[in-house]
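Have the sequence and the structure ready as you read.

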Amino acid sequence: MPRDPFVEEEHQVQLPGSKGEHLLQRAYGSEKRARKFYDDQVLDHLNPQMKEFIGRMDMAFIATADARGECDSSLRAGTPGFIEVLDDRHVCYPEYRGNGVLASLGNISENPHIGILLVDFVTDLIGLHLNGKARIVEDADLRAIHPALPADFARGRTPERWVVVQVEEAYIHCRKHIPRMVPVLRQRSWSTDDGKRKGGDYFEAKGTPRPWHHAEPVWAG
């Protein structure tokens, strides 16, 4: 059994990453390569280059999990810079009125750990990982602290609340397997009655029986 790399002297600083990844690095012989990556590429804050990168991204992939570890991934998008850099260790992104499921926010309310992946598919073919802890803040409350937050949003949408992320790890996603994409004008069928064109039931799931169709919500006592 590989030595647990997290069992160290109390005064030593723990390496980035999980206990599992460190154990597997030792088991699979990639410990030196991983340590070089931690030392060269992983920061516990945002440097100026990372801030500039975040400021020009128009979409992000969000990963969250609930208290039991059940995962959810989601896409967030907006105008370039829709993820706001508040300082060297904090970013935030807006949450608008949506379908009401609140899967990501529900996970954050149980488990604050979050992973964000930003990818430039167009120009530099590079990505940035942000891992940390998130909290939900109402729009008015965050504006009281950060009055410089933007007030103009695409299509007149205004945030109901924000997700504020305390950055604990920030590191590169290398370009090796990132495909190059070309942006095109967005054409949405907002006025059509064709549900498939609007994307409402693209996968034709509506009407399929589910075990929970007649179940009542179970509220924690």
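## A term to start with

A residue counts as buried when its relative accessible area is under 20% and as exposed when it is over 50%, while partly exposed covers the range in between. Keep in mind that this is a predicted model. Asp40 has a relative accessibility of 47%, so Asp40 is called partly exposed.

Asp40 has a salt-bridge partner: its side chain meets that of Lys36, with 2.8 Å from N to O. Both residues belong to helix α2, where 4 residues, about one turn of the helix, separate them. Lys36, at 53% relative accessibility, counts as exposed.

Helix α2, which spans residues 31-41, also holds Asp39 and Arg35, again 4 residues apart and about one turn of the helix. Their side chains form a salt bridge too, at 3.1 Å from N to O. Asp39 is exposed, with a relative accessible area of 52%, and Arg35 is partly exposed at 40%.

## A pair between strands

Which residue forms a salt bridge with Arg76? The partner is Glu95, and the closest N and O atoms are 3.1 Å apart. This pair links distant parts of the chain, with Arg76 in strand β2 (residues 71-77) and Glu95 in strand β4 (residues 90-95), 19 residues apart. Are these two buried or exposed? Both Arg76 and Glu95 are buried.

## A network and the total

Some salt bridges share partners, and in this way Glu52, Arg56, Asp120 and Asp124 are joined into one network. In total, the model has 14 salt bridges.

Definitions and conventions. Residues are numbered from 1 along each chain as its sequence is written. This is a predicted model: local features need pLDDT of at least 70, side-chain atom pairs count only at pLDDT 80 or more; totals for chains, interfaces and linings use all residues. Side-chain values use heavy atoms; hydrogens and water are left out. A salt bridge is a side-chain nitrogen of Lys or Arg within 4 Å of a carboxyl oxygen of Asp or Glu. Helices (H or I, at least four residues) and strands (E, at least two) are DSSP runs, numbered from the N terminus. Buried means under 20% relative accessible area, exposed over 50%, partly exposed in between (1.4 Å probe, protein chains only).
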